[in-house]
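Keep the view open as you read.

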Amino acid sequence: MSMGQCLSPCCEKQGLNSPVSSIGDTGHPNHSRTQYLAGIPVSDSKENCAEPNPPVTTPNSEWKMFTPYPKLPPIKKQGVGVETKRLSLMSNQVFENKILSLFDNYKDKNEDCILADGIERLCMDLEVKPEEFIVLVLAWKFGAETMCEFKRSEFVQGCKALKVDSLRGIQSKFPELLVEVRDKQAFKDLYRWTYKFGLDSASGQRTLPTDMAISLWKLVFSQNEPLVLQRWLEFLEKHTSIRGIPKDTWDMFLNFTEQVGEDLSSYDDTEAWPSLLDDFVEFENDRHNQNVTAD
């Protein structure tokens with residue numbers, strides 16, 4: 001996502017562009033006008049520059065007659081540092097009008113938001129699929145409240161937070177976002193946000209349907225799958241009477257994957273685990289004992 005540059009003088013003072021006064025046939029400067037070098041006055045007047053007793057010209061001192069100003073600092077080196085800093089700041093500049101134009105390309109004709117069709121086209125232009133993990137992470141960074149929907153404010157603030165204002169800019173952030181969610185706390189924030197994201201807020205839904213929860217568990221753990229995940233999902237699919245996943249069960253399952261080993265041997269049923277996790281561990285232990293007896 002490109003952005004323009006504009007270079008302009010840092011300051012403009014009266015006389016900065018005045019030409020350097022000419023030097024006459026005698027080799028002495030014409031002191032009737034002020035001389036300037038890089039905008040700095042190097043002599044003020046004939047009276048200030050004139051010496052009451054001009055020095056005798058010698059091979060070692062003759063060069064002093066042609067040096068009417070002190071040695072200047074290394075201007076070029078100083079300027080390079082200032083310019084580099086200025087360009088660095090410009091590289092992070094984001095234009096809100098470009099973000100709004102990008103939003104308008106995908107927003108619904110009748111609603112001031114990007115809906116399912118627009119998100120599908122946006123994903124296509126970003127060269128990703130809507131069901132990919134990175135799209136979930138992008139929605140999280142945009143602070144999206146509803147699945148398959150980007151409000152104008154969410155899209156604009158999200159782009160500003162990422163410092164992007166074009167499709168290419170968004171694409172360039174994908175590797176950085178994937179690295180970010182490898183952090184334990186960042187992933188925990190993403191994981192807990194995902195539950196609310198999956199709810200149908202329009203209907204006032206408070207509990208995530210089991211089939212939706214299963215899909216979101218597969219998606220949110222797609223980059224780093226816990227060893228117990230597949231057995232947990234199989235348990236939910238087999239017990240069709242489980243029609244919804246409460247938020248505390250969703251949140252505690254992340255703790256469960258971190259604290260309980262693959263064989264569930266470290267599970268302590270005296271701790272305050274959700275009852276659904278108690279049922280899962282009991283189911284797995286029974287199945288394991290049945291397999292041992294069968295062998």
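Q: Leaving aside neighbours within four places in sequence, with which residues is Thr194 in contact?
A: This is a predicted model. Thr194 sits in helix H9, which spans residues 184-198. Setting aside neighbours within four places in sequence, its contacts are Leu136, Leu216, Val220 and Trp250.

Q: Does Thr194 count as buried or exposed?
A: The cut-off for buried is under 20% relative accessible area. Thr194 has 0% relative accessibility, so Thr194 counts as buried.

Q: What pLDDT does the protein average?
A: Of the residues, 67% score at least 70. The average pLDDT of the protein is 79.

Q: How many contacts does the stretch of residues 61-67 have beyond near neighbours in sequence?
A: The pLDDT is below 50 over residues 61-67. Where pLDDT is low, the predicted coordinates should not be read in detail. Beyond near neighbours in sequence, the model gives residues 61-67 five contacts.

Q: How many contacts beyond four places in sequence does the model have for residues 75-80?
A: Here, too, confidence matters. Over residues 75-80 the pLDDT stays under 50. For residues 75-80, the number of contacts beyond four places in sequence is one.

Q: How many salt bridges does the count come to?
A: Side chains of opposite charge can pair when their charged atoms come close. The rule asks for a side-chain nitrogen of Lys or Arg within 4 Å of a carboxyl oxygen of Asp or Glu. By this rule, the number of salt bridges is twelve.

Q: How many residues apart in sequence are the parts that Glu96 and Lys160 tie together?
A: The side chains of Glu96 and Lys160 form a salt bridge, at 2.9 Å from N to O. Glu96 belongs to helix H3 (residues 96-106) and Lys160 to helix H6 (residues 152-162), so the distance in sequence between the parts they tie together is 64 residues.

Q: Where does Asp112, the partner of Arg152, lie?
A: A salt bridge joins the side chains of Arg152 and Asp112, at 2.7 Å from N to O. Arg152 is in helix H6, and the pair ties together parts that are 40 residues apart in sequence. Arg152 is partly exposed, with a relative accessible area of 23%. Asp112 lies in the loop between H3 and strand S3 (113-114).

Q: Does Lys173 count as buried or exposed?
A: Lys173 and Glu176 meet through their side chains in a salt bridge, 3.7 Å from N to O. Glu176 has 46% relative accessibility and counts as partly exposed. Lys173 has 18%, and under 20% means buried. So Lys173 counts as buried.

Q: Which residues of H6 are buried?
A: One of them, Glu154, is also linked with Glu145, Glu149 and Lys151 in a network of salt bridges. H6 is followed by Lys163, whose phi is positive, near 60°. The buried residues of H6 are Glu154, Phe155, Val156, Gly158, Cys159 and Leu162.

Q: Leaving aside neighbours within four places in sequence, which residues does Gln259 contact?
A: Gln259 is found in helix H12, residues 247-259. Its relative accessibility is 48%, so Gln259 counts as partly exposed. Leaving aside neighbours within four places in sequence, its contacts are Ser266, Glu271 and Trp273.

Note on methods: Residues are numbered from 1 along each chain as its sequence is written. This is a predicted model: local features need pLDDT of at least 70, side-chain atom pairs count only at pLDDT 80 or more; totals for chains, interfaces and linings use all residues. Side-chain values use heavy atoms; hydrogens and water are left out. Helices (H or I, at least four residues) and strands (E, at least two) are DSSP runs, numbered from the N terminus. Buried means under 20% relative accessible area, exposed over 50%, partly exposed in between (1.4 Å probe, protein chains only). Contact means heavy atoms within 4.5 Å. pLDDT is the predictor's confidence in each residue, from 0 to 100.
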